Amino acid sequence: MLSGTRVVSFTHFLQGPSATQILADLGADVIKIEPPQGAFERGWSGPDAFVGGVSVFFLLANRNARSMVVDLKSDEGRGVLHRLLDDADVLIESFRPGVMDRLGLGYEQLRTTNPRLVYCSLSGYGSDGPYKDRPGQDVLIQSLSGLAAATGAAGRPPTPVGASVVDAHGAALGALGILAALHGRARTGEGTRVESNLLSAALDLQAEPLSYHLNGFRGERSPSGVSSRYYKAPYGVFATADGYLTISLTGTDVLAKVFDEPWFTSVGPDDEYARREEVNERVSALVAEHPTAYWTERFTEFRIWHAPVHDFDDVAADPQVRHNETILTIPHPEAGDVRVPAHPIRYGGQRPGLRRMPPALGEHTREVLGELGYRPAAVDALVEGGAFGARS
């Protein structure tokens with residue numbers, strides 16, 4: 001759907017590459033501009049997860065893109081980039097605020113030569129304000145945004161979510177903003193600047209509980225650790241005799257039937273939140289008496305919302321995950337078969353697939369320079385002069 005749309009990416013780490021991968025999956029020609037040593041994510045992976053010497057962290061967010069190595073400190077390199085950007089549809093960057101301006105690649109500088117350019121900046125806190133120069137990283141933002149403080153049992157330390165959810169949401173919002181700007185440009189002929197930041201993304205993730213709080217409701221974390229601050233019990237993970245099971249939003253009248261426990265009828269609809277700890281304790285004690293399979297059958301019979309607690313092995317084997325083809329296998333030439341999450345959306349019943357491997361460093365430098373009209377001898381001269389890097 002984005003075939004014919006050229007995206008020039010100055011991104012690194014996770015938020016930026018994830019945003020560009022969404023666009024690349026949809027058919028955009030994403031050209032990843034990398035320094036001679038390569039983007040940060042080529043040499044880093046959370047648990048030192050390298051397969052065949054290739055970073056899994058790089059592989060999970062750079063498919064369907066091309067790599068071009070440019071020395072941004074080189075006048076010659078920046079000059080060629082201006083030529084590339086004169087006809088580009090989108091520029092997306094995730095440098096600290098001000099860096100692109102100092103390189104002569106800021107929005108106000110580029111819009112004079114390409115007024116149709118959609119210019120997307122991704123940052124930790126925004127392009128201005130008191131925090132603009134702070135490091136923006138997922139767990140830091142979870143802490144600052146209230147997300148960590150809202151998670152876990154009362155009396156226990158704040159608990160960050162066990163995934164980089166803020167990075168992922170920030171990336172999706174950035175891609176959404178770009179798509180909206182491209183749609184607007186189709187009507188007006190003018191590009192615009194799009195900004196997404198991790199702090200705003202973290203607050204957007206918490207729209208429901210934050211809205212409750214901003215309008216006077218004060219919830220507290222549950223001592224039992226199984227309920228949200230803002231929901232009636234039971235809501236959360238409960239220990240069975242042999243594992244764990246999640247129960248969600250079940251009225252006490254139904255609980256009385258499923259557990260054959262008249263006590264629950266003493267908790268009326270108007271008391272279910274105020275007495276949620278009593279409900280939690282009673283449900284916890286009863287669920288612990290039987291194994292997960294027993295409760296799965298019984299909860300299904302009474303149409304109670306419930307789900308098993310899966311680890312990643314269970315997730316990979318889950319029949320619905322397999323049916324949805326949510327896991328993509330990349331047959332990488334160096335790493336071998338690497339499995340990563342696929343594009344999460346279908347269009348017309350089809351899921352975007354793998355058109356290009358996550359690129360080797362500088363794999364497409366010569367190709368892109370050729371598309372800009374440089375003859376092979378001129379390309380060789382640019383590479384030999386050091387302003388550009390190319391895979392040998």
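A: The largest share of the lining of the largest cavity comes from α1, with three residues. Helices such as this one are DSSP runs of H or I with at least four residues, strands are runs of E with at least two, and both are numbered from the N terminus. The model is predicted, so local features need pLDDT of at least 70 and side-chain atom pairs count only at pLDDT 80 or more, while totals for chains, interfaces and linings use all residues. Residues are numbered from 1 along each chain as its sequence is written, and side-chain values use heavy atoms, with hydrogens and water left out.

Both α1 and β2 (29–34) supply at least two residues of this lining. The residues around the largest cavity are Ser9, Pro17, Thr20, Gln21, Val30, Lys32, Ala61, Asn62, Arg63 and Ala65. A search of the whole structure finds one cavity of 30 Å³ or more, and the space in the largest cavity is about 30 Å³. Rolling a probe the size of a water molecule over the atoms shows where empty space is left. On a 1 Å grid over the protein atoms alone, a cavity is a set of points where a 1.4 Å probe fits but cannot get out; a pocket is an open set with protein on both sides within 12 Å along at least five of seven lines; and lining residues have an atom within 4 Å of a point. Grid points are joined across faces, edges and corners, and a volume is the space filled by probe spheres set on the points.

Helix α1 covers residues 15–25, and Gln15 lies in it. Gln15 counts as buried because its relative accessibility is 7%; buried means under 20% relative accessible area, exposed over 50%, and partly exposed in between (1.4 Å probe, protein chains only). Residues up to four places away in sequence aside, Gln15 touches Leu122, Ser123, Asp167, Gly170, Ala171, Ser196, Asn197 and Leu198. Contact here means heavy atoms within 4.5 Å.

The largest pocket holds about 1,600 Å³ of space. It is lined by 48 residues, and those closest to its centre are Leu14, Leu60, Ala168, Val340 and Pro341. Two or more lining residues come from each of α1, α2 (56–59), α6 (138–144), α7 (165–188), α13 (312–317) and β13 (336–341). Among these, α7 gives the most, with eight residues.

Ser45 sits in the loop between β2 and β3 (50–51). With 5% relative accessibility, Ser45 counts as buried. Neighbours within four places in sequence aside, Ser45 is in contact with Phe50, Ser55, Val56 and Phe57. From Ser45 to Ala316 there are 271 residues in sequence and 21 Å in space, C-alpha to C-alpha.

Now the surface. Leu203, Leu210 and Leu214 form a nonpolar patch there, with about 250 Å² of accessible area together. Patches are made of residues with over 30% relative accessible area and no salt bridge, with like charges joined within 9 Å and nonpolar side chains (Val, Leu, Ile, Met, Phe, Trp, Tyr) within 5 Å. Accessible areas come from the Shrake-Rupley method with a 1.4 Å probe, and for residues only the protein chains shown count as cover. Leu210 belongs to helix α9 (residues 207–214) and is partly exposed, at 31% relative accessible area.

Last come the charged pairs. Side chains of opposite charge can pair when their charged atoms come close. The structure holds 19 salt bridges, each being a side-chain nitrogen of Lys or Arg within 4 Å of a carboxyl oxygen of Asp or Glu.

One of them joins Glu272 and Lys232, with the closest N and O atoms 3.8 Å apart. Glu272 lies in the loop between α10 (252–258) and α11 (276–287) and Lys232 in the loop between α9 and β9 (235–239), so this pair ties together parts 40 residues apart in sequence. Glu272 is buried, at 10% relative accessible area, whereas Lys232 is partly exposed, at 38%.

Another joins Asp380 and Arg366, with the closest N and O atoms 2.6 Å apart. Asp380 is in helix α16 (residues 376–384) and Arg366 in helix α15 (residues 365–371), so this pair ties together parts 14 residues apart in sequence. Salt bridges that share partners also join Arg6, Asp29, Arg66, Arg356, Glu367 and Glu371 into one network.
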